[in-house]
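Thanks for coming. I will go through one structure today, starting with how its chains meet and then moving inside them.

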Protein chains: 2
Amino acid sequence: MKLIQSRDNAFFKQLKRLAESGRERRKSGQTLLDGLHLVEAWEAQRGPVSSLIVSESALAGGEIQAWLGERECTVISAALMRELGLVDTPSGLLAVVDTPQANVAVDREKDAVLLDGVQDPGNLGSLLRSAAAAGVRQVLLSPGCAAAWSPKVLRAGQGAHFVLDIHEEADLGAFIASYAGTTAVTCLDGATSLYAAGWQGPLAWVFGSEGLGVRRELIDAAQLKIRIPMPGAVESLNVGAAAAVCLFEMVRRRQA
Amino acid sequence: MKLIQSRDNAFFKQLKRLAESGRERRKSGQTLLDGLHLVEAWEAQRGPVSSLIVSESALAGGEIQAWLGERECTVISAALMRELGLVDTPSGLLAVVDTPQANVAVDREKDAVLLDGVQDPGNLGSLLRSAAAAGVRQVLLSPGCAAAWSPKVLRAGQGAHFVLDIHEEADLGAFIASYAGTTAVTCLDGATSLYAAGWQGPLAWVFGSEGLGVRRELIDAAQLKIRIPMPGAVESLNVGAAAAVCLFEMVRRRQA
């Protein structure tokens, strides 16, 4: 057990770079997991993490201390943990891990979720979580999306990353063009109500960025243009909410 | 048109207090709207805003300049706009408004959404948006929830606030006890699948905090204990996603 109290410590400086810089995460091939739940989810799926970091206060008692037991870890002061600035309320436990690479090819005959320019880390994490909960295994991200393996997206994903095949920098148009199933896109001027739309077999759902929606060329390429009926006084949903509604309508029909 | 370039300017200092401090917002009875969409949504529902603030760069051209026309506004430098720290990518347009008060009593015979300790501003805003889109007009927030009228929640709500009756610091248990309709709560150990559950008439949906879920006493008081079936490898959803799934299952059935 090492104790770090100085921000000039080389290991702390490396943690800070990993926390703050996407470039550093790409260069090193590493990222950070924040919180006990996420570390446990990783280890259940992918084996031991490379390195554990715990704050002095978390080490002083409670759930994290009990979980750690005799495991080796680096202890840093609560002030240094906050300085990493990962989340508003640091959990007190971090892990360094090697960022997984998508080591399987995309499958053009299975369900998929395609994300076009989703930039908000919280939304992206929630979308990954909904896909995994609905039983969709592969997610393709366009070049304009947030980095899937950033600490904030990992935190919002709550472990969904570790059970998904995540393909970043994907060419969504090329995937749709050769997809064996039905591509469905949600758009405000969609012709068909989600609840009236007919479909069979595998589905590729396309969801777009908050501000801009799905690119026109992808909308045009999709077989199903769907709108979610909204009887209330506002007529749009957060992209994470809209995706959950669509994915679980698929779940409902398959269970019926 | 006034131009402010110094952070010592009294009006800028007041903006910064409004941006940063919930206590200041309560004391002054004012809050901030960030972005053209939100300002337009406010004015469509509630009339002119008290005061408009625009960044120099937004004034130099584009959508915001065109929208402003001859309207009076205060111009601040882009650096000062960023210093307010409201969002990662400031829109360039802010408005000061008087925080609305819930001026209607809760209605024990109409649909409602009850939020128990939802603290994340993005989640809370998304939940309000889903409620409004689904046609639910009243939302009750427990004392542990984030402040509904903070700039971040307003931004995530995208105008939903202005068409809802929002009751903060509400006693959810008392509401449920005297509610004329059916109270439904989502919980992981819920006995009934959302898709198999039967209900009629008005519904009060209870959703809980990310970490802790809904308090036990509220779960016990609800007539319907519902789980969302999750065929995938993860077994929980973001609270905003879970709420959207439930609220739009209600929409689907009412349209059927």
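**Chain contacts, domains and a few residue pairs**

On contact residues, the two sides are even in number: chain B gives 31 residues and chain A gives 31 residues. Please keep in mind throughout that this is a predicted model.

Between them, chain B and chain A bury about 2,500 Å², and carbon and sulfur atoms account for 64% of that area. What is the count of salt bridges between chain B and chain A? It is zero. Polar contacts are another matter: across the interface of chain B and chain A there are 10 residue pairs in polar contact, with both residues at pLDDT 80 or more.

Now the side of chain B that touches chain A. Two helices, α7 (121-133) and α11 (239-255) of chain B, each supply at least two residues to that side. The largest share comes from α11(B), with nine residues. Sorted by class, the side of chain B that touches chain A holds 18 nonpolar, nine polar and four charged residues.

Next, the inside of chain A. The chain is divided into domain 1, residues 2-98, and domain 2, residues 112-255. Their C-alpha centres lie 31 Å apart. In the contact between these two domains of chain A, domain 1 takes part with 16 residues and domain 2 with 12 residues.

There is an annotation to set beside this. The UniProt record, an unreviewed entry, lists residues 113-248 of chain A under "domain: tRNA/rRNA methyltransferase SpoU type". In the model, residues 113-248 of chain A are 31% helix and 21% strand.

Domain 1 and domain 2 of chain A bury about 1,200 Å² between them, with 62% of it on carbon and sulfur atoms. How many salt bridges are counted between domain 1 and domain 2 of chain A? The count is one. Asp34(A) forms a salt bridge with Arg155(A), and the closest N and O atoms of the pair are 2.9 Å apart. As for polar contacts, four residue pairs are found across the interface of domain 1 and domain 2 of chain A, again with both residues at pLDDT 80 or more.

Which elements give two or more residues to the side of domain 1 of chain A that touches domain 2 of chain A? They are β2 (30-34) and α3 (36-46) of chain A. Of these, α3(A) gives the largest share, six residues. By class, this side of domain 1 of chain A divides into eight nonpolar, five polar and three charged residues.

Taking the whole structure, a search over all chains finds 26 salt bridges. An example from chain B is Glu83(B) with Arg7(B), where the closest N and O atoms are 2.6 Å apart. That pair links distant parts of the chain, 76 residues apart. Glu83(B) sits in helix α6 (residues 78-83) of chain B, while Arg7(B) is in the loop between β1 (2-4) and α1 (10-20) of chain B.

What does Lys2(B) contact, leaving aside its neighbours within four places in sequence? Lys2(B) is in contact with Cys73(B), Thr74(B) and Val75(B). For a sense of distance, Lys2(B) and Leu141(B) are 139 residues apart in sequence, and their C-alpha atoms are 39 Å apart in space.

How values were computed:
Residues are numbered from 1 along each chain as its sequence is written. Chains are lettered from A and ligands numbered from 1 in the order in which they are written. This is a predicted model: local features need pLDDT of at least 70, side-chain atom pairs count only at pLDDT 80 or more; totals for chains, interfaces and linings use all residues. Side-chain values use heavy atoms; hydrogens and water are left out. UniProt positions are given in the numbering used here, feature names are shortened, and annotations may be inferred rather than shown by experiment. Helices (H or I, at least four residues) and strands (E, at least two) are DSSP runs, numbered from the N terminus. Contact means heavy atoms within 4.5 Å. Buried area is the accessible area (1.4 Å probe) that two parts lose on being put together, summed over both. A salt bridge is a side-chain nitrogen of Lys or Arg within 4 Å of a carboxyl oxygen of Asp or Glu. A polar contact is a pair of N or O atoms within 3.5 Å; within protein, one must be able to donate a hydrogen and the other to accept it, and residues adjacent in sequence count only if both atoms are side-chain atoms. Ala, Val, Leu, Ile, Met, Phe, Trp, Tyr, Cys and Pro count as nonpolar, Asp, Glu, Lys and Arg as charged, and the others, Gly among them, as polar. Domain bounds come from an automatic or database domain assignment.
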